[in-house]
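Thanks for coming. Please bring the structure up on the screen, and I'll talk you through it.

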Amino acid sequence: MKRDIPLEDKSLLRGKWPVVFSVILISLFSLYYIQSQTTIVSPGSFLGMLYGIISMLLVLFLLIYRVRKKLFRYKLGTMQNWLQGHIYIGVICLIINLMHSGASFGGHFSAFFSVLFFLVIVSGIVGSLIYVNVPLSITKYGKNVMTLDDLTSELQQHLKKADKIAEHTSESFKDMYKKSLRPCLSKTSTNWGYLFLIESELLIKRQNLIEDLRAKVSSEDIYDLDAIGEIMETREKIAYRLMKTNLLQKWLLIHIPLSFLMLVLLIIHITITFYY
Amino acid sequence: MDKYKASWIISIIGTVIVLAALYYYDSKGKHHIFMNGELSLKHSKLVNSCESCHVPWKGVQNEACLKCHKKVQKHQEKPVNQDERESACIDCHFEHQGRSHNIKAVDKKGCKVCHKWDSHPEKGKIREQELKSSINGNTIKLGHKLHSLKADDCEWCHLESTDEKASFKLASYDDACSNCHYIAGHPDITEDTESCKMCHLNQTSFSLKTEKLFLTTTKFDHKRHNKAKCVECHTDYLDASNSTDNPYPSIGTCTEKCHEMNYIADNCTVCHTYHK
């Protein structure tokens with residue numbers, strides 16, 4: 001798979017965490033299997049409670065990630081390591097939770113809590129997928145560092161340039177521009193379809209579109225089509241960065257509220273457990 | 001608006017909605033939403049009366065069970081290998097396992113919570129000190145080896161009992177021995193002590209009792225096993241040189257033949273009674 005940004009810089013499969021994850025996972029499954037042969041593992045049993053306590057401690061560890069992001073001035077390990085830990089521990093947490101509950105949803109509250117826990121972990125995994133697909137320097141374009149607002153206005157400028165070129169073309173070209181090219185140039189909002197799209201694939205897609213249109217336009221308009229094609233390529237590189245950034249930010253609107261709610265329900269769950 | 005701020009606002013709104021919903025259900029007396037699973041059919045009337053069984057911050061106490069289950073007695077004897085705490089009903093009888101769950105049934109894993117053992121005691125572990133002889137409480141030197149009984153001939157000595165639980169009478173002189181060893185006036189005859197010693201080993205009485213490693217009361221009903229021939233279970237009867245060397249079958253004989261197979265229950269409680 002061709003990528004503009006080297007994968008190894010942000011790969012979640014490198015470093016110590018995958019090994020730690022595998023060791024913990026194998027140990028957990030072994031312990032669970034051995035114990036389940038001789039005793040009943042239910043949420044209220046010794047082992048069930050132990051799994052519950054471990055799970056709760058791991059949730060607290062997951063919360064520290066947010067604190068770590070704020071403490072960027074202190075030497076507390078790289079953010080890359082923290083992110084990997086956040087994702088791997090989250091998945092381990094989900095597995096321990098299944099062991100804690102004996103893979104049973106229980107009653108209404110427990111079921112809701114379990115589903116929410118599952119959604120938090122799944123949204124975390126989706127977030128990590130978005131993250132590894134976002135270009136390394138979202139705001140870096142060429143040698144210039146650009147803010148998100150700069151990127152947005154840059155997109156608008158490219159659109160205006162393309163509109164201006166299209167103004168001086170034939171009616172049939174204008175019509176084609178309006179139907180086939182302008183929609184591609186005017187996309188600025190988050191498009192979830194971009195989640196698994198690689199930048200190079202997007203550019204090839206646009207190039208193919210221009211090639212297809214080349215056969216349809218008159219020879220007088222080919223120069224203008226190529227000019228718009230160049231604008232489109234430059235624009236898509238910026239748009240790609242912007243859309244992935246937007247996706248990541250919109251993802252936060254799902255992951256953080258779900259995590260917060262899960263934390264509140266965890267407190268209620270612990271209180272109910274000890275109360276009853 | 002900043003995405004982080006937006007995510008926190010959504011978090012708080014979402015949490016408030018969920019908490020309001022939980023409060024609504026709780027205030028309407030629908031406490032069952034907090035249950036860890038459906039109650040068994042017999043307890044289903046208690047669905048919104050948590051306090052019937054649960055004492056706040058103390059969990060389920062034995063007293064709560066005994067309020068309704070008045071006839072149920074405590075553990076047979078203080079279990080060996082168990083800590084000092086009193087056995088709790090909920091150690092063996094698990095609730096909130098679903099409507100169809102049979103709360104009376106005890107999984108053998110439940111027994112193992114207290115009764116730590118790697119394997120069931122075999123034949124050699126069975127003590128015979130208190131097996132009362134049917135002949136004046138005397139121990140009889142009657143060996144199966146000497147008598148070489150064939151399978152079909154067991155009933156020659158072991159007559160059927162009217163007692164429902166033990167479907168065989170212990171062999172008595174009048175019913176069994178006198179068929180061959182007729183001594184006029186027995187058991188009052190006292191002249192030939194050497195002849196007496198042919199059969200009478202000593203003057204101590206004994207009874208069948210398992211070692212106190214396990215539940216002490218073992219029930220076995222011959223009538224339930226009448227499809228099997230005697231020697232199918234009492235395989236070692238020919239090795240018995242006297243009456244104290246009873247050819248009790250080992251648990252291996254039971255499990256190999258029928259129990260621990262899919263169609264016959266293999267719970268500890270099939271043979272052992274827990275309550276007094």
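Helix 6 of chain A, residues 171-185, bends by about 45 degrees at K178(A). The bend is the angle between two fitted axes, one for the seven residues ending there and one for the seven starting there. Helices are DSSP runs of H or I with at least four residues, strands are runs of E with at least two, and both are numbered from the N terminus.

Residues are numbered from 1 along each chain as its sequence is written, while chains are lettered from A and ligands numbered from 1 in the order in which they are written.

Back to helix 6 of chain A. Which of its residues are buried? F173(A), Y177(A), L181(A) and L185(A) are. Buried means 20 or more other C-beta atoms within 10 Å of a residue's own; 12 or fewer is exposed, and in between is partly exposed, with C-beta atoms placed from the backbone. In general, an α-helix has 3.6 residues a turn, so residues three or four places apart point the same way.

What covers those buried residues? The cover includes helix 5 (148-167) and helix 8 of chain A. A contact here is two C-beta atoms, placed from the backbone, within 7 Å.

Now the pair, helix 5 and helix 6 of chain A. Their axes come within 11 Å and cross at roughly 170 degrees. Axes are lines fitted to C-alpha atoms, for helices over the stretch in contact, with angles from 0 to 180 degrees between N-to-C directions. Helix 5 and helix 6 of chain A are therefore roughly antiparallel. The cut-off for that word is over 145 degrees; under 35 is roughly parallel, 65 to 115 roughly perpendicular, the rest oblique.

From helix 5 of chain A, H158(A), L159(A), A162(A) and A166(A) meet F173(A), K174(A), Y177(A) and L185(A) of helix 6. By class, that contact has six nonpolar, one polar and one charged residues. Nonpolar is Ala, Val, Leu, Ile, Met, Phe, Trp, Tyr, Cys and Pro; charged is Asp, Glu, Lys and Arg; the others, Gly among them, are polar.

Zoom out to chain A. It has eight helices and two strands. From the N terminus, the order is α-α-α-α-β-β-α-α-α-α. Of its 276 residues, 22% count as buried.

How confident is the predictor? pLDDT is its confidence in each residue, from 0 to 100. Chain A averages 82, and 87% of the residues score at least 70. Residues 1-8 of chain A stay under 50. Where pLDDT is low, the predicted coordinates should not be read in detail.

Next, the interface. 23 residues of chain A are in contact with 27 residues of chain B. Helix 8 of chain A gives the most to chain A's side, with 11 residues. That side divides into 14 nonpolar, nine polar and no charged.

Last, chain B. It has nine helices and six strands, and 11% of its 276 residues count as buried. W57(B) has phi near 65 degrees, and W57(B) is exposed, with 8 other C-beta atoms within 10 Å. H96(B) has phi of about 65 degrees, but H96(B) is buried, with 20 other C-beta atoms within 10 Å.

Definitions and conventions. This is a predicted model: local features need pLDDT of at least 70, side-chain atom pairs count only at pLDDT 80 or more; totals for chains, interfaces and linings use all residues. pLDDT is the predictor's confidence in each residue, from 0 to 100.
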